[in-house]
Structure formats: structure tokens, C-alpha cells
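Me: I am new to reading protein structures. Can you take me through this one, feature by feature?

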Amino acid sequence: MSAGDRAIPVPLAIDVVVVAWVPAQGSTSTAKSRAALPQQVPFADAVFNIGRSALLLAALTTGDLGALRDATDARLHQQQRLANVPASRAALEVLRPRTLASRLSGSGPTEAAQAGREEVDGLED
């Protein structure tokens, strides 16, 4: 960490497991993914994403599962990056209704999801 950076542990109010879906084939170029993003974003979309960061923290610390799902919505990059990885888009469509929260991880193609321990067994299909 750089001077002035801080990290604070956050106690979680929910017991979740992080699940990663990684395609058997394929990868993404971070440079190509970044090139797909606009140079400027609408102010409303930037505010939306900042708000989602705060919502994620609140959801994890209070155990609000509905808020956890909403907190993983993103307007700044996810749709543009998913356009370059169709298999990841398909995986997200399968994971989202079967997990507490799902999203593209970084530039893709990996999908990351939070699931309750009882949900994990059914995700292998």
C-alpha cells in the first residue's frame, strides 16, 4: 500500500462463499477490455457505481441479501466487457438467479458470485 492508504477489516453479517466460474477455453486481454470502455462516462453512471460500492459494504455488514444482489450491478464497465466474452454473459445469466450476487470479475472471462453454503452444491451443473 502507498502512504496514506488504509485497510480496515469489515465484519460480515452473512456467511457467504465466493464461487468463481472460469471457462474451459478462452481468455480476455485486459488492454482490449479497457479499449472497449468509453474515455468519459455519464455523471449519473459514475454516481450509480459509487453508490453501489457503499451499498455492497452495507449489505455485507447488515446481512441484507437483497441489497447484496443490487450492489453488484454496474454501469461503468460490465456490459461493455461482457460484449467481448459471450460465454461469460451466458454464465452470468445462469449464475445470477441461482446465487446471492454475481458479476464479471475484472475484464473477464471469469465470473465471481457470492452464494450461501447450501447453494454451492447445485452450482456445479
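Me: Start with helix H5. Which exposed residues does the face turned away from its buried side carry?
Reply: This is a predicted model, so keep that in mind throughout. To read a helix, sort its residues by how much surface they show. On H5, the face turned away from the buried side carries the exposed residues Pro86 and Glu93.

Me: Which residues of helix H5 are buried?
Reply: Helix H5 covers residues 86–95, and its buried residues are Ser88, Ala91, Leu92 and Leu95. Now look down the helix axis. The buried residues of H5 fall within an arc of 105°, so they line one face of the helix.

Me: What do the buried residues of H5 pack against?
Reply: Look for contacts with other elements. The buried residues of H5 pack against strand E1, helix H4 (78–82), strand E2 (101–104) and strand E3 (111–116).

Me: How many helices and strands are there in the protein?
Reply: Count the elements, then read their order. The protein has six helices and three strands. Along the sequence, the pattern is β-α-α-α-α-α-β-β-α.

Me: What share of the residues counts as buried?
Reply: The protein has 125 residues, and 33% of them count as buried. The accessible surface comes to about 7,800 Å², and carbon and sulfur atoms account for 55% of that.

Me: What size of box do the C-alpha atoms fill?
Reply: Taken along the principal axes, the box is roughly 45 × 40 × 30 Å. Contacts tell you how the chain folds back on itself. Take the contacts between residues at least 6 apart in sequence: 63% of them join residues at least 24 apart.

Me: Now salt bridges. How many are there?
Reply: Look for a side-chain nitrogen of Lys or Arg within 4 Å of a carboxyl oxygen of Asp or Glu. The count here comes to three salt bridges. One of them joins Asp15 and Arg117, with the closest N and O atoms 2.8 Å apart. This pair links distant parts of the chain: Asp15 sits in the segment before E1, Arg117 in helix H6 (residues 117–120), 102 residues apart.

Me: Is Asp15 buried or exposed?
Reply: Check its relative accessibility against the cut-off. Exposed means over 50%. Asp15 has 51%, so Asp15 counts as exposed.

Me: Which residue forms a salt bridge with Arg75?
Reply: The partner of Arg75 is Asp45, and the closest N and O atoms are 3.4 Å apart. Arg75 lies in the loop between helix H3 (65–71) and H4, while Asp45 lies in helix H2 (residues 43–62), 30 residues apart. Compare the two ends. Arg75 is partly exposed at 41%, whereas Asp45 is buried at 19%.

Me: Which side chain meets Arg96 in a salt bridge?
Reply: Arg96 meets Asp73, at 3.3 Å from N to O. Arg96 is in the loop between H5 and E2, and Asp73 is in the loop between H3 and H4, 23 residues apart. Check burial again. Arg96 is buried, with a relative accessible area of 19%. Asp73 counts as partly exposed, at 30%.

Note on methods:
Residues numbered from 1 in each chain as written. Predicted model: local features only at pLDDT ≥ 70, side-chain atom pairs only at ≥ 80, totals over all residues. Heavy atoms only, no water. Buried < 20%, exposed > 50% of the residue type's maximum accessible area, 1.4 Å probe, protein only. Helix = DSSP H or I, 4+ residues; strand = E, 2+ residues; numbered from the N terminus. Arc of directions from axis to C-beta. Contact = heavy atoms within 4.5 Å. Areas by Shrake-Rupley, 256 points an atom, 1.4 Å probe, with all protein chains shown as cover.
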